[in-house]
Amino acid sequence: MSIRFSVLASGSSGNATLLEFAGFGLLVDAGLGPQELSGRFTSIEVDWSHIDAVVLTHTHTDHWKRRTLSHLARSGIPLYCHVEHHQVLASVSAGFKRLLQAGLVRNYAAHENLSLAPGLSCVPLPVCHDAAQTFAFRMEMRLPGGPVVAVGYATDLGSWNAELARALANVDVLAIEFNHDVDMQFLSGRSPYLIERVLGDRGHLSNQQAASLLREVLLQSEPGRLRHVIQLHLSRECNRVPLAVEAARTVLDGHGPDIDLHTSAQDVVGPCVALDENGALAALRPSRPRDLGLFD
């Protein structure tokens, strides 16, 4: 397998996803401690020696951990982030300061193509969230003599617009947030402040908002291009897998049977999808709704 995309953890207790391409390992967020990440790596038969870089979506602490930044500094693994992330990270993380001192902090900018390895590029896409500069990513990989494979990754956003949908169009794998059910939010017993935050334009996507974004991406994509949809960041208190799946299925069922739907979890590694030698995308470790419980 030349390309593999594995969700290691997704939810408010920690987020991390691994993209492997031609021997290069890119960790998208590092919201688990280094030992816990090691355990997740083991389940997909990799270890820290396979990690060549980390790219950070934003500075909320479910997307990075102090001990993990210190581990990156000790291991010489570069961290890609936005310049506005520096102040937040430096104020609380000695590991980030060591990364800076070692020249291991690499800055990215909105909409500017970031070359991470030969054949692997990433475009940061700004999204609306209540953290300093939050980004989705479009990652593209070109196999020698083969097709360009694209992955879209968008979580922690309270709203979306046509520009984001266009940027995520024509990907092979689309991982997007299906955070909550609106009715469950109002019935949750949470504080009015928290409910207002989550439902706001800078909070998190509801199942229906995510389904609407998915529909728009499909409308702007070539028929048959999208092969896998991965649901991210389901709320343990305010969502249920069947509700998220139903919302997505209302969109996907009109686009043929060739789009596989997967639901990620907080405590279970998966889904994991890969591009095989024949250029066909296949699910190596699908996360099936019936196998999973409640999520953060």
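Modeller: A polar contact is a pair of N or O atoms within 3.5 Å; within protein, one atom must be able to donate a hydrogen and the other to accept it, and residues adjacent in sequence count only if both atoms are side-chain atoms. The side chains of His-63 and Asp-29 are joined by such a contact, at 2.7 Å. The model is predicted, with pLDDT of at least 70 required for local features and 80 or more for side-chain atom pairs, while totals for chains, interfaces and linings use all residues. Residues are numbered from 1 along each chain as its sequence is written, and side-chain values use heavy atoms, leaving out hydrogens and water.

His-63 is the part I shall take first. His-63 sits in the loop between strand 4 (53–55) and helix 2 (66–75); helices (H or I, at least four residues) and strands (E, at least two) are DSSP runs, numbered from the N terminus. With a relative accessible area of 0%, His-63 is buried, a word that means under 20% relative accessible area, against over 50% for exposed and in between for partly exposed (1.4 Å probe, protein chains only). Contact means heavy atoms within 4.5 Å. Beyond its neighbours within four places in sequence, His-63 has contacts that include Asn-15, Ala-30, Leu-56, Thr-155 and Asp-156, as well as Asp-29.

The surroundings include aromatic rings. Rings of Phe, Tyr and Trp (its six-membered ring) pair if their centres lie within 6.5 Å; planes under 30 degrees apart count as stacked, over 60 as edge-to-face and the rest as tilted. Three aromatic pairs are present in the structure. One of them joins Phe-41 and Trp-48 edge-to-face, with 5.2 Å from centre to centre and 80 degrees between the planes. Phe-41 is buried at 0% relative accessible area, and Trp-48 is buried at 13%. Tyr-108 and Phe-137 also form an edge-to-face pair, at 5.7 Å and 90 degrees. Because Tyr-108 belongs to strand 6 (residues 105–108) and Phe-137 to strand 9 (residues 134–142), this pair ties together parts 29 residues apart in sequence. Tyr-108 is buried, at 5%, and Phe-137 is buried, at 0%. Together with Phe-135, these two residues make up one aromatic cluster.

Helix 9 shows burial along one side. Its buried residues are Val-241, Ala-244, Val-245, Ala-247, Ala-248, Val-251 and Leu-252. Viewed down the helix axis, they fall within an arc of 160 degrees, so they line one face of helix 9; the arc is that of the directions from the axis to the C-beta atoms. These residues pack against helix 8 (207–219), strand 12 (228–232) and strand 13 (260–263). Pro-242, Glu-246 and Thr-250 are exposed on the other side.

Ser-43 lies in helix 1 (residues 34–43) and is partly exposed, with a relative accessible area of 32%. Its side chain reaches the backbone oxygen of Arg-40 at 2.7 Å.

pLDDT, the predictor's confidence in each residue from 0 to 100, has a mean of 90 over the protein chain, and 92% of residues reach 70 or more. Over residues 288–296, pLDDT stays under 50.
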